Each structure stands twice: as C-alpha cells, then as structure tokens.
Amino acid sequence: MANSYDEILKKYVNAPYSTLLSIANESLSIVMPVFNGVAKDGNGAGLVLPFICTAIASDGKFSELEYRFIKDVTGVNKSYNEFKQIIQEYYTAEWIEAVDNLIDNCPDEMKSYLVSFCLTFVAVDETISREESAYIAKLLS
C-alpha cells in the first residue's frame, strides 16, 4: 500500500542528515548520466542546478544547513552568499514551471528520482513549509 503524501513528507523530514545525503547522492547518480546525455556539452550539472535551486527557493529561505547540504551533494565550493545569489535567481514562477515541465516529460522512474532528489533539499532543515509542500505537490501532479 502506498504511503500518503503527508507520510512521505514526514519520512523525509524525520530522516537523519546522512540518510538524506545518501538519497540525494543515489538519485543524482541515476539522473546525471541521462542529463549528461542530453546536455550539449555533455555536462548535465547545469540541468540539475534548477532542481536544487527551485527546491531550496520554494520557501524563500536559505539556511546554513541547506548550504552545507548543497556543498555535500554537489562538491561545489562556493560561499554561502554566492549560493544565496544563485538560488535567488531561481525564485520565480517561471523556473518552478520549467522544472515541473521537465519532470512531467520524464519517464516515471526518472521522475521518481528527481522528486526524491528535490525532497531531500526541502527536508534537510527538518521542516517542510506549506510552500515547499506545494512545490513538491506540483512536481508530483
């Protein structure tokens, strides 16, 4: 029997940091080869960035823990303020719509990994706001 939406959110929120990191890395290892394959330059990192940034931006807040999580998942070495500026660029309805459209056009298995990936970012601060919940629900619809 499938878990309810609220149960799924609760599972992610209650997961330890290390578990969320493991889920994010596993999801990333599945989607990156696909993104690398469709990226013109063969580097799909630019296609993953909108998923990270829209997930983080969905509640309008950027915490130190979210910053640490981004660095741990991506290995990118940018300052908190550099990441904050990048994330703010994705805090738009247009970017959220673009990410949603991309997920909608993915096969179900890929969609599952992408939503799971986004869930780790919204849950890492141990809360999922109403805005974050709405963002995830939009990706699932």
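Colleague: Which exposed residues does the face of α5 turned away from its buried side carry?

Modeller: That face carries N81 and Q85. Exposed means over 50% relative accessible area, buried under 20%, and partly exposed in between (1.4 Å probe, protein chains only). Helices are DSSP runs (H or I, at least four residues), numbered from the N terminus. This is a predicted model, in which local features need pLDDT of at least 70, side-chain atom pairs count only at pLDDT 80 or more, and totals for chains, interfaces and linings use all residues. Residues are numbered from 1 along each chain as its sequence is written, and side-chain values use heavy atoms, with hydrogens and water left out.

Colleague: Which residues of α5 are buried?

Modeller: In α5, which spans residues 80-89, they are Y80, F83, I86 and I87. Seen down the helix axis, the buried residues fall within an arc of 130°, so they line one face of α5. The arc is taken over the directions from the helix axis to the C-beta atoms. Their cover includes α3 (45-57) and α4 (64-74).

Colleague: With what is S27 in contact, leaving aside its neighbours within four places in sequence?

Modeller: Contact means heavy atoms within 4.5 Å. S27, found in α2 (residues 17-38), touches Y113, S116 and F117 in this sense. S27 counts as buried because its relative accessibility is 2%.

Colleague: How many disulfides does the structure hold?

Modeller: A disulfide is a covalent bond between the sulfur atoms of two cysteines; the criterion is a pair of cysteine sulfur atoms within 2.5 Å. The structure holds zero.

Technical notes:
Helix = DSSP H or I, 4+ residues; strand = E, 2+ residues; numbered from the N terminus.
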